[in-house]
Amino acid sequence: MATTPFAPLLQSIIRHRGVTGVLLVGEDDGLVVDSVLQVGVNGAAFAALTASLYRKARRSAEAAGLGRTGYFELDAVDGRVLAAGKNELVFIVVAEARINVGLLRVELLKAVERLP
Amino acid sequence: MRMSVAASWVEAPLKQFVDDARVHYAVLLHPSGQVLGQYGFARSVDVMTACALAAAIDASSRALGMLVEGKAFPSLHYAGRERQIFLAEVPAPGGRLLLLAVFDWESSLGLLQLYHEEFRARVGEMAPPIAHNAPAIAADFEKELNKNLAVMFGRA
């Protein structure tokens, strides 16, 4: 994918040990704006499904009166999916199960703050 | 909401697409405008109108694609305030079909693209061959069009 103004933000996340992919995705349309992915991840399909999941999680939280969802984490057997967004853009991170979640979460939220 | 099909092989892939992509309306048609299956419409006249418009949009966008890019655009998306349309080519053995889908903000263009890919694969496996030498508008087009609508809406 061509370099976009978001490339430095993606690079700040992908450099962490155990991270296998980072995508910036439109929350409403589920389309990839920019991404850094290792071979083996179907970026377009993953982006569309995870953006949908994030959007529904955000709406669930709002419906429950919990306010806006800022951070979302999916814990699977062989890895994790982390997502955080702002202004209709969502960062989605694919990572191995052994990552330092706390550190990655901080880095992800920092990247979100730097979104326009 | 009801699904109706003019050819039995259409039902399984179309149902799967509707279930996965959460669309309000879906129509599988020939580029000529002849319907093969639909979900969501209650009246045959609405299906006929949607097919005619989809066929016209496809013809126009193909011509525009050839003009500006040297090849036809494979899909088209339009986002309205409440609803969006997705019109895409579906290759079938020996020819091509069109899928028209109408969805709202509960779904997304990304999901439509994803499930369209799966739909294409299923149609490629299940559709019977389309005749190569058939004219764009067959002599019995109107009869066939009406027959398909009658089969789908119970007036066969």
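Which residue of chain A forms a salt bridge with B:Glu106? The model shown is predicted.

**Figure 1. The salt bridge between chain A and chain B.** The partner of B:Glu106 is A:Arg59, and the closest N and O atoms of the pair are 2.5 Å apart. Across the interface of the two chains the rule finds 1 salt bridge. On the side of chain A that touches chain B, the residues divide into 4 nonpolar, 2 polar and 5 charged. Side chains of opposite charge can pair when their charged atoms come close.

**Figure 2. The interface of chain A and chain B.** Contact between the chains involves 11 residues of chain A and 10 residues of chain B. Together the two chains bury about 810 Å², with 59% of this area on carbon and sulfur atoms. The size of an interface is often given as the accessible area lost when the parts come together. Between chain A and chain B, 7 residue pairs are in polar contact, both residues of a pair being at pLDDT 80 or more.

**Figure 3. The open sheet of chain A.** In chain A, 5 strands form an open sheet with antiparallel pairing, and their order is β2-β1-β5-β4-β3. At the edges stand β2 (32–37) and β3 (71–76) of chain A, each of which pairs on one side only. From one strand to the next, the twist averages 10°. Helix α1 of chain A, residues 7–14, packs on this sheet and touches β1 (19–26), β2 and β5 of chain A. The direction of helix α1 makes about 150° with that of β1(A).

Figure 4. A hairpin is formed by β3(A) and β4(A), with 2 residues between them. These two strands run antiparallel and are joined by 6 bridges. Within this pairing, A:Ala76 has A:Gly79 in β4(A) as its bridge partner. Strand β4 (residues 79–86) also pairs with strand β5 (residues 89–96) of chain A, in the antiparallel sense and over 8 bridges. Here A:Arg80 has A:Ala95 in β5(A) as its bridge partner. Strands of a sheet pair through backbone hydrogen bonds, either parallel or antiparallel.

Figure 5. Helix α3 of chain A comprises residues 101–113 and lies across β1, β3, β4 and β5 of chain A. Relative to β4(A), helix α3 runs at about 25°. A:Arg15 and A:Glu107 form a salt bridge in which the closest N and O atoms are 3.6 Å apart. Because A:Arg15 lies in the loop between α1 and β1 of chain A, whereas A:Glu107 belongs to helix α3 of chain A, the pair ties together parts that are 92 residues apart in sequence. Over all chains, the count by this rule comes to 13 salt bridges.

**Figure 6. The open sheet of chain B.** The sheet of chain B is open and antiparallel, with 6 strands in the order β1-β3-β2-β6-β5-β4. Its edge strands are β1 (3–5) and β4 (75–79) of chain B, each pairing on one side only. On average, neighbouring strands of the sheet are turned by 10° against each other, direction ignored. Helix α3 of chain B, residues 109–126, packs on the sheet, where it touches β2 (25–29), β4, β5 and β6 (95–104) of chain B. The direction of this helix makes about 25° with that of β5(B).

**Figure 7. Two hairpins that share strand β5 of chain B.** One hairpin is formed by β4(B) and β5(B), with 3 residues between them. Strand β4(B) and strand β5 (residues 83–92) of chain B run antiparallel and are joined by 5 bridges. In this pairing B:Ala79 stands opposite B:Gln84, and B:Leu76 has B:Leu87 as its bridge partner. Strands β5(B) and β6(B) also form a hairpin, with 2 residues between them. In the turn of that hairpin, B:Gly94 has a positive phi of about 80°. The pairing of β5(B) with β6(B) is antiparallel and extends over 10 bridges; B:Ile85 has B:Val102 in β6(B) as its bridge partner.

Terms used:
Residues are numbered from 1 along each chain as its sequence is written. Chains are lettered from A and ligands numbered from 1 in the order in which they are written. This is a predicted model: local features need pLDDT of at least 70, side-chain atom pairs count only at pLDDT 80 or more; totals for chains, interfaces and linings use all residues. Side-chain values use heavy atoms; hydrogens and water are left out. Contact means heavy atoms within 4.5 Å. Buried area is the accessible area (1.4 Å probe) that two parts lose on being put together, summed over both. A salt bridge is a side-chain nitrogen of Lys or Arg within 4 Å of a carboxyl oxygen of Asp or Glu. A polar contact is a pair of N or O atoms within 3.5 Å; within protein, one must be able to donate a hydrogen and the other to accept it, and residues adjacent in sequence count only if both atoms are side-chain atoms. Ala, Val, Leu, Ile, Met, Phe, Trp, Tyr, Cys and Pro count as nonpolar, Asp, Glu, Lys and Arg as charged, and the others, Gly among them, as polar. Two strands pair if DSSP finds at least two bridges between them. Helices (H or I, at least four residues) and strands (E, at least two) are DSSP runs, numbered from the N terminus. Axes are lines fitted to C-alpha atoms, for helices over the stretch in contact, and angles run from 0 to 180 degrees between N-to-C directions.
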